[in-house]
Amino acid sequence: MKPDLFESPDYYNLDDLLTEEQKLVRTAARDWVKRDVSPIIEEAAQKAEFPKQIIKGLADIGAFGPYIPEEYGGAGLDQISYGLIMQEIERGDSGVRSTASVQSSLVMYPIFKFGNEEQRQKYLPKLASGEYMGCFGLTEPDHGSNPGGMVTNFKDKGDHYLLNGAKMWISNSPFADIAVVWAKSEEGRIYGLIVERGMEGFSTPETHNKWSLRASATGELIFDNVKVPKENLLPNKSGLGAPLMCLDSARFGIAWGVIGAAMDCYDTALRYAKERHQFGKPIGSFQLQQKKLAEMITEITKAQLLAWRLGTLRNEGKATSAQISMAKRNNVDMALKIARDARQILGGMGISGEYSIMRHMMNLESVVTYEGTHDIHLLITGMDITGLNAFK
């Protein structure tokens, strides 16, 4: 494994906008990625295995529930700190960031926001420490961009609920201890339920043959007459708005995370362009390579400013779902384009596992689709600015 020589670009001196605490949080995450992720991630991706040994490290750097209050085991950090942690983790690998995003925004967040005090005390500290790992069940085989059409359902059986249905494309599901599952009641209202591994009729088959997020564990959630205790229903919010609030938090993390992947591709391409010689001089001295590199740093800088401003709005409680959609869509698209241009700068070496670029590119093909596709986020912005719904 080549040494991790990554240097973070900051063309507009954005560090001046960060607090000392935010920079310390970022440094801790960056150092951990260089030490514990970079040396093993290429092999993990080649083998299509999630490296479970990194779970403790993720917990140690505060990647699980960074903004959850300390009384529940979280780090009590602000939204920009959360974003910076996601940025550094995704600089290592999108699949590892997916694991952290799911644990934080899709499992801990709904329990904290929509759960009762007993549920918070029971689950959040163990999730924050990595003792428990969780997953989020919303997407179904026939309902992706239209989650409201879900068929997974539960019925009231007096002393318990009876849950039936299936979810797919679920990060962490093969090893998750708990799943926050969204299902319809007999009245057709959507609720969240906490389903625990070991409940009879609950299985989590793994999804194989992925060309993307290969170092992340993906699977299904199958519910065959699963008896869920009534105390496992999240009582404080129902309706589709509840899981969409979770997705807002996760999409915010993605908007930051993919900047890390873009930075890694840019940094790799810049270093290679200075070292690789053709026609008697570094390829970085040729106009077309400089064009690619100049456009990369421009787009990274724009994405950094977009994410920082969105983080500020989140801290102030002012960010809208549509603003989050814009940042997720723009920044993932930016990262994908940078990965492709960076691959070209490296020529044939760009497809080699000796470098991270092709792995980032394949990962980002999932990120551009999950938690709202590229086109869906465009329509969310369109509806926001016109007031007209293009979904119906």
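A polar contact is a pair of N or O atoms within 3.5 Å; within protein, one of the two must be able to donate a hydrogen and the other to accept it. The structure is a predicted model.

**Exercise 1.** Determine whether E88 is buried or exposed, and find which side chains make polar contacts with the side chain of E88.

Solution. 
- Locate the residue: E88 belongs to helix α3.
- Classify it: the relative accessibility of E88 is 1%, and buried means under 20%, so E88 counts as buried.
- Apply the definition above: the side chains of E88 and R30 are joined by a polar contact of 2.8 Å. A polar contact of 3.0 Å links the side chain of E88 to that of Q87.
- List the neighbours: leaving out residues up to four places away in sequence, E88 touches R26, A29, R30 and V33.

**Exercise 2.** Describe how helix α3 packs with helix α9.

Solution. 
- Take the geometry: α3 (residues 79-92) and α9 (residues 357-367) have axes 10 Å apart, at an angle of about 125 degrees.
- Name the arrangement: because of this angle, α3 is oblique to α9.
- Assign the contact: α3 contributes E90, R91 and G92, while α9 contributes R359, H360, L364 and V367.
- Sort by class: this contact has 2 nonpolar, 2 polar and 3 charged residues.

Terms used: Residues are numbered from 1 along each chain as its sequence is written. This is a predicted model: local features need pLDDT of at least 70, side-chain atom pairs count only at pLDDT 80 or more; totals for chains, interfaces and linings use all residues. Side-chain values use heavy atoms; hydrogens and water are left out. Axes are lines fitted to C-alpha atoms, for helices over the stretch in contact, and angles run from 0 to 180 degrees between N-to-C directions. Helices (H or I, at least four residues) and strands (E, at least two) are DSSP runs, numbered from the N terminus. Angles under 35 degrees count as roughly parallel, over 145 as roughly antiparallel, 65 to 115 as roughly perpendicular and the rest as oblique. Contact means heavy atoms within 4.5 Å. Ala, Val, Leu, Ile, Met, Phe, Trp, Tyr, Cys and Pro count as nonpolar, Asp, Glu, Lys and Arg as charged, and the others, Gly among them, as polar. Buried means under 20% relative accessible area, exposed over 50%, partly exposed in between (1.4 Å probe, protein chains only).
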